[in-house]
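User: I want to learn how to read a structure like this one, feature by feature. Can you take me through it?

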Amino acid sequence: MLEYPQVLAELSAELATFAPGRVEIGEDTDLLDDLNLDSLQVMNLLLHIEDRFDISIPVSILPDVKTVKDLALQIEKLAREA
Amino acid sequence: MGLFDKFQGLAAARRELAALGIDPFGVEIERIISPTEGIIHGRRTILAGTNNYLGLTFNPECIAAAHRALDAEGTGTTGSRMANGSYSGHRRLEEELAAFYGMRDAIVFSTGYQANLGTLAGLTGPNDVVLLDADCHASIYDGCRLAGAEVIRFRHNNADDLAKRMRRLGARAADTLIVIEGIYSMLGDRAPLKDIVDVKREHGGYLLVDEAHSLGVLGERGRGLVEEMGVLADADFIVGTFSKSLGGAGGFCVSDLPALDLVRYSSRPYIFTASPSPATIASTRQALSILSAGRDLRARLRGNYERLHAGLTAMGYTLGASPSPVIAVVLGDRVEALQFWSQLLQRGVYVNLMLPPATPNGVSLIRCSVSAAHTPEQLDAVCAAFADLRASCGVVAAENSAGT
């Protein structure tokens, strides 16, 4: 089963390919402000992350996701429930 | 955080437009002359951005029907159908829509936006999963949000991506609602409907097709992409609008499932709004009868959009999709697109400007919509304006395709 540290590492790697060279990615990185993504780009980012972890991420989680940590926690939860 | 702080981004965007002296989102058509002509900035202008696909807004029979209803039934209904009663015309239109599609029943909504909002909010709830094509219209997203449904997106026009997400759902797939559009409003591309129907046949679930831009446009009898692809029976719900090919305002959902009638009683956008006015209903009924009989209008429309598409292609423009009544020219950055749009208007051609994030893949689009009522001379004039701009402004269309 996927543990949080592994999710965080894989997610950070995925984000680095999506927003290359822009910023150092850590738990507290803000998806909108630090990565300079708009809401549509975040939704498209989710499509990639879904494939990476073989889960489906409901759009409705987005209001609760601000940082990389928020997203990693959601992924860990969804992967656990899948 | 102040009440108006959230508008800072919008205010900056408005200031940018004001500095450029271009206002694509506040165009006033000072006088409407015909389905394809109006006066804008005091100048006679060809309208090629009004979704008036069959040109029925000035059809004499539709106008006469609206006049009769106005004289006989008054200006408005002054209330909602559930609280204040339906007029006979509301029910007749629902019956006529159901008969048009060969389905059990239909619900009429007051706007096209509300047709999606009301159908999705009435049909689904917090425990339901809705699988949306990523490029679905805002009204579809908003309907799901109002419902509190679990929304999962799949990659635009990608049936394999849909199948992957259906597989992940396991047993829940059988009750999932899949939502797609016949023709997508930004690029004018069509859904791979047969492939999507195959996914539904394999995994179960229900299929809702929004035919807002394809009603009256595609199919032998104008019933949209579902008819053209021969999969009408696989569509559980079809949503459409009266405000494009039918030249009125309002929308509908049609279905062969008996439960549709219950959607009516759970749909807040249906319950808590005033019903369409008698004149609107009367012109829509007349337009529907013309649309279903009118193969000549569809043939003329097709000839027109193929003519414009071929003309723009020959000039070297990058277009969003194969020919359809929605023809999107893909441009580079937003300032280039803004200036291009403004230059077209100065040459007497009104089209739509679409900028990110409303567009797919962050592209800027000049979106034309073609009408059966456009004359060959008008389409040649539109082409001439595009050709002139290509020559005089050195505009280079984006080399990258729009992902279609």
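User: Start with the sheet that holds S1(B). What is its strand order?

Analyst: Strands of a sheet pair through backbone hydrogen bonds, either parallel or antiparallel. Here, in chain B, the order is S1-S2-S3-S12, an open sheet of four strands with mixed pairing. Strands are DSSP runs of E of at least two residues, helices are runs of H or I of at least four, and both are numbered from the N terminus. Two strands pair if DSSP finds at least two bridges between them. S1 (31-34) and S12 (349-350) of chain B stand at the edges, each with a single partner strand, so one side of each is left without a neighbour in the sheet.

This is a predicted model: local features need pLDDT of at least 70, side-chain atom pairs count only at pLDDT 80 or more, and totals for chains, interfaces and linings use all residues. Residues are numbered from 1 along each chain as its sequence is written, while chains are lettered from A and ligands numbered from 1 in the order in which they are written.

User: How many bridges join S3(B) to S12(B)?

Analyst: Two bridges join strand S3 (residues 43-47) of chain B to S12(B), and the two run parallel. For a landmark, find Leu47(B), which stands opposite Tyr350(B) in S12(B).

User: Now a strand elsewhere in chain B. Is S14(B) largely enclosed or open?

Analyst: Count neighbours. A residue is buried if 20 or more other C-beta atoms lie within 10 Å of its own, exposed if 12 or fewer, and partly exposed in between, with C-beta atoms placed from the backbone. In S14(B), six of the six residues are buried, so this strand is largely enclosed by the rest of the structure. Both faces are covered: Ser364(B), Ile366(B) and Cys368(B) are buried on one side, and Leu365(B), Arg367(B) and Ser369(B) on the other.

User: Which strands pair with S14(B)?

Analyst: Strand S11 (residues 326-331) of chain B pairs with S14(B) in the antiparallel sense, over six bridges. Val330(B) stands opposite Leu365(B) there. S13(B) is also antiparallel to S14(B), joined by three bridges. In that pair, Leu353(B) stands opposite Ile366(B).

User: What does the loop between S13(B) and S14(B) hold?

Analyst: Pro356(B) sits in that loop, between S13 (352-354) and S14 (364-369) of chain B. Pro356(B) is partly exposed, with 17 other C-beta atoms within 10 Å. Two residues are in contact if their C-beta atoms, placed from the backbone, lie within 7 Å. Not counting residues up to four places away in sequence, Pro356(B) touches Gly362(B) and Ser364(B).

User: On to helices. Which residues of H4(B) are buried?

Analyst: An α-helix has 3.6 residues a turn, so residues three or four places apart point the same way. In H4(B), Gly89(B), Leu93(B), Leu97(B) and Tyr101(B) are buried. They cover an arc of only 100° around the axis, which puts them on the same side of H4(B). The arc is that of the directions from the helix axis to the C-beta atoms. On the other side of H4(B), Ser88(B) and Glu95(B) are exposed.

User: What do the buried residues of H4(B) pack against?

Analyst: Their partners in chain B are helix H2 (60-73), strand S4 (105-109), strand S9 (237-241), strand S10 (251-255) and helix H12 (278-293). After H4(B) comes Gly102(B), whose phi is positive, near 70°.

User: Which residues are buried in H14(B)?

Analyst: Ala337(B), Leu338(B), Phe340(B), Trp341(B), Leu344(B) and Leu345(B) are buried in H14(B). Seen down the axis of H14(B), the buried residues fall within an arc of 165°, so they line one face of the helix. Gly348(B) follows H14(B), with a positive phi near 80°.

User: Last, the two chains. How many residues does each give to the contact?

Analyst: Chain B gives eight residues and chain A eleven. On the chain B side, S6(B) supplies the largest share, four residues. Chain A itself has three helices and zero strands. Buried residues make up 26% of the 82 residues in chain A.
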